[in-house]
Amino acid sequence: LGMTALLGLFATTLCIGLVTAALATGGVGKTAVLVYIMPFWVLLMAWPILAERIRGIQWIPVILAITGLLVILEPWHLRSTFISKLLAVLAGVAWAVSSVMTKIMTRRGAFDLISLTAWQMLLGALPLVALALAVPERPVEWSPYFIGGLLFCSVVSQGLALLLWFFVLSELPAGAASLGTLATPVIGTLAASIELGERPSRFEAAGMLLIIAALSLLSLQGYLQRRRLGDLLGGPKPR
């Protein structure tokens, strides 16, 4: 129960809460890219905690991602959007911590993924509910559009997505599992451009390109590593 509650704190309370706060005060595209630096936080955390070392050319995408992060944050220009960007980064860190925690839990013993997903979301949602009740806001307008969005966000993009994510974490190394999230920042950036007309500044665009390049390079490295492993074991090659 203690580990499940702690997992809920990082995976739901902090990650969901910080992402929502970042989206409320900043752009969708930048938030998506900054949150999904998560694979690199996982790599850095998995090194001392899970003994999954960063080796050789794996440092190249890590350095590219950190450079892109600094370019997007622009710490030399502390503008009003800096807080939003920082919240998105912290959401990615919280997500990475929860990923490492899940990997530790799978090593300690088997557990039911649906049960884990449900309980960590319930326990993690309690602080968010308390915060929602404590912070004064205008009343919710229960329109069909709002209800549809609420159902999609809670059932599909949270419940189903987290269930699939925990399953992947139970079957793959933490670093390799994080590769499956690489399409999200690209889709988020494109969708924000099409639907919301968001146009990043030159620095933000350069930083986003660096991060996407780093994610792509990390994905390619993971593919080649699994391909070599398949050759050594004589198994089928990954597609």
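A single aromatic pair is found in this predicted structure, where rings of Phe, Tyr and Trp (its six-membered ring) pair if their centres lie within 6.5 Å. The partners are tryptophan 142 and phenylalanine 146, with 5.4 Å from centre to centre and 85 degrees between the planes. This arrangement is edge-to-face, a label for planes over 60 degrees apart, while those under 30 count as stacked and the rest as tilted. Tryptophan 142 is exposed, at a relative accessible area of 59%, whereas phenylalanine 146 is partly exposed, at 32%. Here buried means under 20% relative accessible area, exposed over 50% and partly exposed in between (1.4 Å probe, protein chains only).

Residues are numbered from 1 along each chain as its sequence is written, and side-chain values use heavy atoms, with hydrogens and water left out.

The protein has ten helices and zero strands, these being DSSP runs (H or I of at least four residues for helices, E of at least two for strands) numbered from the N terminus. Of its 239 residues, 37% are buried. Among contacts (heavy atoms within 4.5 Å) with a separation of 6 or more, 82% join residues 24 or more positions apart.

Leaving aside residues up to four places away in sequence, phenylalanine 40 touches Pro61, Val62, Ala65, Ala214, Leu215 and Leu218.

The largest pocket has a volume of about 2,500 Å³, the space filled by probe spheres set on grid points joined across faces, edges and corners. A pocket is an open set of points on a 1 Å grid over the protein atoms alone, where a 1.4 Å probe fits, with protein on both sides within 12 Å along at least five of seven lines; lining residues have an atom within 4 Å of a point. The lining comprises 50 residues, with Ile16, Val19, Thr20, Cys153 and Gln158 nearest the centre. Helix H7 contributes the most to this lining, 13 residues.

Key. Predicted model: local features only at pLDDT ≥ 70, side-chain atom pairs only at ≥ 80, totals over all residues.
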